[in-house]
Amino acid sequence: MRRIPAGTFLVPMVVSMVIYSFFPNLFDMGGPTEAFFSNSGTNYIVGLLVFASGTTVDLKKLGHLMKHQGALVLIKMFISIIFGVIFLLLFGLEGVWGISGLGFLAVILSINPAVHLALTEMYGDKDDASIYPFAVIPALPALPMIMLSAYISGGFGGIEWTPIISIFLPLVIGIILGNLDPEFGKVFGPVMPAALMLLGWLLGQGMDMFEAIRSGLSGIIVTIIFIVLSMPLMYFIDKKVLKYDGLAGVSIATVAGMSTAVPATVGTALPAVAGDVTSATAQVLMAAIITSILAPIIVNKLHQKKN
């Protein structure tokens, strides 16, 4: 599994996705089986990864973390917001080529923290893995909801901030415990690869590859747009501006599987985009599948070329 770039996350996700596509209700039997094998345990594993990565954060080295990985996350978010604003100004909520404003924002704003973590562990500094909880934030509905709320109503009323707070709580607790007693980091740090495998499986249990195919040309187009706008630019910024090897820049230009929940969440809060939820969800799913497979391949090729 480790011979495949990001294999600890990617292999379980693909196997799980194939099983789920043919047998979506296979593990819906309640009890430990459903809790362990279905996607009902996704938030728990995400929380565990956030907490575990928090225990490995050395506050004395936080400046180094933010100088590279933190800067990449912030730059990716900033650039994605700019692209999102341009799309809304040019095409509105209706969008273009079957890509709605909701679908475009859900894709362009996303980062796949699991792929990024898996590639960081293979090719980067082990301390960089602590960026995971910060990289989760763009995969949540908060940013698309804020942008669409501002576009529709000109304000930020009704925004649900709880999902963001829920990410930071286990992170803060993990950082506090890890810095009070480094043994927490030694215990929970090694848990992260196993948790990453479980997360890959659980996310796969929400990915129907046939639904992704049904997104048709629009799903492929939005994926190509995401790749063209994000990967070369983030590689350039990482290599030329931040003066690193560029691998993290490519790995951060990915779409998260958990972002498939973004359209439904935003559509519930904003009825103006509710009609776009189904198509947007399929487009996000297509982008998540393609970028999660493509980015590790590109990173591996770049790493081999460098060495």
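Patches here are built from residues with over 30% relative accessible area and no salt bridge, with nonpolar side chains joined within 5 Å. Keep in mind that this is a predicted model.

View 1. Val18, Phe22, Phe23, Leu26, Phe210 and Ile213 together make a nonpolar surface patch of about 570 Å². Helix H1 (7-22) and helix H12 (209-214) are the elements that give two or more residues to this patch. As for Phe23, look in the loop between H1 and helix H2 (31-37).

View 2. Thr55 sits in helix H3 (residues 42-55). Buried or exposed? Thr55 counts as buried because its relative accessibility is 3%, and the cut-off for buried is under 20%. Setting aside neighbours within four places in sequence, Thr55 is in contact with Gly174, Ile175, Gly178, Phe184, Gly185, Phe188 and Gly189. Lys186 is 131 residues away along the chain, yet its C-alpha and that of Thr55 are separated by 8.4 Å. Back inside the local stretch, a polar atom of the Thr55 side chain lies 2.5 Å from the backbone oxygen of Ala52.

**View 3. Helix H13 and its cover.** H13 (residues 216-241) runs for 26 residues and reaches 37 Å from its first C-alpha to its last, close to the 38 Å expected at 1.5 Å a residue. Its buried residues include Ser218, Ile221, Val222, Phe226, Met231, Met234 and Asp238. Just past the end of H13, Lys243 takes a positive phi of about 65°.

Methods. Residues are numbered from 1 along each chain as its sequence is written. This is a predicted model: local features need pLDDT of at least 70, side-chain atom pairs count only at pLDDT 80 or more; totals for chains, interfaces and linings use all residues. Side-chain values use heavy atoms; hydrogens and water are left out. Helices (H or I, at least four residues) and strands (E, at least two) are DSSP runs, numbered from the N terminus. The expected span of a helix is 1.5 Å times one less than its number of residues. Buried means under 20% relative accessible area, exposed over 50%, partly exposed in between (1.4 Å probe, protein chains only). Contact means heavy atoms within 4.5 Å. A polar contact is a pair of N or O atoms within 3.5 Å; within protein, one must be able to donate a hydrogen and the other to accept it, and residues adjacent in sequence count only if both atoms are side-chain atoms. Patches are made of residues with over 30% relative accessible area and no salt bridge: like charges are joined within 9 Å, nonpolar side chains (Val, Leu, Ile, Met, Phe, Trp, Tyr) within 5 Å. Accessible areas come from the Shrake-Rupley method with a 1.4 Å probe; for residues, only the protein chains shown count as cover. A salt bridge is a side-chain nitrogen of Lys or Arg within 4 Å of a carboxyl oxygen of Asp or Glu.
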